[in-house]
There are 2 protein chains.
Amino acid sequence: MEFKTWLNSKIKITEKHLDIYLPLKDNRQKAIYESMRYSLFAGGKRIRPVLMMETFNMFNDNENSIMPFACAIEMIHTYSLIHDDLPAMDDDDFRRGKSTNHKVYGDALAILAGDGLLNKAFETVLNNISTIAIPAEKILKSLEILSNSSGTEGMIGGQVTDMFVEERNLEYLEYMHKLKTGALIKAACEIGATAGGATEEEISKLSDYAHYLGLAFQVKDDILDFTADEEELGKPIGSDEKNDKLTYVTLLGLEKSQEILEDYTDKAVSSLEIFGERAERLREIAEYLLKRKN
Amino acid sequence: MEFKTWLNSKIKITEKHLDIYLPLKDNRQKAIYESMRYSLFAGGKRIRPVLMMETFNMFNDNENSIMPFACAIEMIHTYSLIHDDLPAMDDDDFRRGKSTNHKVYGDALAILAGDGLLNKAFETVLNNISTIAIPAEKILKSLEILSNSSGTEGMIGGQVTDMFVEERNLEYLEYMHKLKTGALIKAACEIGATAGGATEEEISKLSDYAHYLGLAFQVKDDILDFTADEEELGKPIGSDEKNDKLTYVTLLGLEKSQEILEDYTDKAVSSLEIFGERAERLREIAEYLLKRKN
């Protein structure tokens, strides 16, 4: 199957399950379900669930078993965007070509919708244990990886170091991104492999792949903020420079950033050697992220 | 042991473990650890952990096994207070006699500290599985109860119905409090009993106890907002009336609210009959909450 066709089929499966796990409810809390679903279905590359499904599928073909985790990680990613966009944080009006959550629902509901999505991530796994055909100990291990990756030593910690930048150098920048973007991408692959039944060595190689992929992802984001077509990107470009953000491009310039992007992508792909043909989709994902336009 | 001595010993054990599970870290995210710990150690009755420890102890004397859950539920309660106090929500400056989190650390860090505490609740359980001497299936069941009680059909849902009140009647008020305050108090008792190894009937009776205790707790809160000594309460009184909040007192008046409080307390205590002497501490807790001054 051609890569784009394959990718779209995985995205479709993810979105079908997101809709199953977080349906609109017509009760007195209806407003928060609308707000949560507004951001959850506002597009997005679904890269974390796709990575998790594929690393799982390399070892286990019962894809239904990983769907609660795949949707949970997408909910966590989505909540982080809602909270990051708040006036008290980055104060962004647009995301993926649509108004941000608080512009539509107000700050109070946007805060609660973010809380609700983080909470719902854990509910989604825990309320669907009966559909997850892996041992309870592996479910607990996968939940542990998930919770650590999204916490203060992971994604939330990354947001703290981004909000309160203390040093403007490459070491600080990579520390920040390892937490802010890297942690969840790494967790996606580690959970997929762990739940799928990979060996320690296999998990470690996939973790390396995800580490470099996560860094490459962020370099690309920084480059796009300077070079993208605004309509294709779905939000105003040039905001990093305007807001004096610490990014690869503001620190090192475009040319050097492009070099780093290609180097990280190479390193990600090199980590996959032991898997041979089985890792072909993961290589294609790295290539796709390298060349993406939004 | 006299009740107050016993209660204080349980509070001390809780706070010792909170300190172990959420130490101050001297890394680049130090600010968020300070902010999280500021609110986590700002006092509080620790009623949820105490209820969980006691319902667990009725069936199982290995108290260490329940401490990750007991601290997790207190972290969730604390995060909800931080977010509720934000300017976009209730906009409160004082809580328990101290400045609220965002008044000390700013809105951005208060939002992140709340997110961090919710996330840390799950991390606390999942990173300490080896200290929990109960089967993996029961750990998963307890996590499920915890996550559902704090979600959009529980505590967060309660906050939504409180922020956007649609009807001013007793039925709506009790729906709101069942979610906002009741869900977490009920979860405390259900998790304690489930993890401890209680039978279905025992869990059900303790759940009834917690249901009425949770409602009584909220009626008492509403009464205190009208009658408490400001210094003892640690925040300004009369704010419910000023903000035109839907509460038992604003809806039904003080006298009727006091009647309801006593009725719910009676119902809570009646649910404990089958346990005889073993539920003595739970009866004392109901009595203590009935008479509290803050």
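First, conventions. Residues are numbered from 1 along each chain as its sequence is written, and chains are lettered from A and ligands numbered from 1 in the order in which they are written. The model is predicted, so local features need pLDDT of at least 70 and side-chain atom pairs count only at pLDDT 80 or more, while totals for chains, interfaces and linings use all residues.

Chain A has 15 helices and 2 strands. These are DSSP runs, helices being H or I with at least four residues and strands E with at least two, numbered from the N terminus. The radius of gyration of chain A is 18 Å, close to the 19 Å that the globule rule gives for 294 residues, so chain A is as compact as a globular protein of that length. That radius is taken over C-alpha atoms, and the rule is 2.2 Å times the number of residues to the power 0.38. Along the principal axes, the C-alpha atoms of chain A fill a box of roughly 55 × 50 × 35 Å.

Of the 294 residues in chain A, 50% are buried. Buried means that 20 or more other C-beta atoms lie within 10 Å of the residue's own; exposed means 12 or fewer, partly exposed is in between, and C-beta atoms are placed from the backbone. Among contacts in chain A with a separation of 6 or more, 71% are between residues 24 or more positions apart. A contact here means C-beta atoms, placed from the backbone, within 7 Å.

Now the two chains together. What relates chain A to chain B? A rotation of 180° with 0.0 Å of shift along its axis superposes chain A on chain B, with an RMSD of 0.0 Å. That is the relation of a two-fold axis. In chain A, the C-alpha nearest the axis belongs to A:Ala136, 3.0 Å from it. The superposition is by least squares on the C-alpha atoms of residues with pLDDT of at least 70 in both copies.

The contact between the chains takes 43 residues from chain A and 43 residues from chain B. On the chain A side, the elements that give two or more residues are α2 (30–40), α6 (107–126), α7 (136–149) and α8 (155–163). The most comes from α6(A), with 12 residues. By class, this side of chain A has 22 nonpolar, 13 polar and 8 charged residues. The classes are as follows: Ala, Val, Leu, Ile, Met, Phe, Trp, Tyr, Cys and Pro are nonpolar, Asp, Glu, Lys and Arg are charged, and the others, Gly among them, are polar. Since 100% of the interface residues of chain A are also interface residues in chain B, the copies meet through the same surface.

B:Ala136 lies in helix α7 (residues 136–149) of chain B. B:Ala136 is partly exposed, with 15 other C-beta atoms within 10 Å. Not counting residues up to four places away in sequence, B:Ala136 touches A:Ala136, A:Glu137 and A:Leu140. A:Glu144 is in helix α7 of chain A. With 19 C-beta neighbours inside 10 Å, A:Glu144 counts as partly exposed. Leaving aside neighbours within four places in sequence, A:Glu144 is in contact with B:Leu126 and B:Asn127.

Next, helix packing inside chain A. The axes of α7(A) and helix α9 (residues 170–196) come within 9 Å and cross at roughly 175°. That makes α7(A) roughly antiparallel to α9(A), a label for angles over 145 degrees. Axes are lines fitted to C-alpha atoms, for helices over the stretch in contact, and angles run from 0 to 180 degrees between N-to-C directions. The contact of α7(A) with α9(A) has 7 nonpolar, 3 polar and 4 charged residues.

Helix α4 (residues 67–85) of chain A also packs with α9(A), at an angle of about 170° and with the axes 11 Å apart. Again, α4(A) is roughly antiparallel to α9(A). The contact pairs A:Phe69, A:Ile73, A:Ile76 and A:His77 of α4(A) with A:Leu184, A:Ala187, A:Ala188, A:Ile191 and A:Ala195 of α9(A). These residues divide into 8 nonpolar, 1 polar and no charged.

Last, α8(A). Here 7 of the 9 residues are buried, so α8(A) is largely enclosed by the rest of the structure. What covers the buried residues of α8(A) includes α4, α7 and α9 of chain A, together with α2 (30–40) and α6 (107–126) of chain B.

Definitions and conventions
Two residues are in contact if their C-beta atoms, placed from the backbone, lie within 7 Å. Angles under 35 degrees count as roughly parallel, over 145 as roughly antiparallel, 65 to 115 as roughly perpendicular and the rest as oblique.
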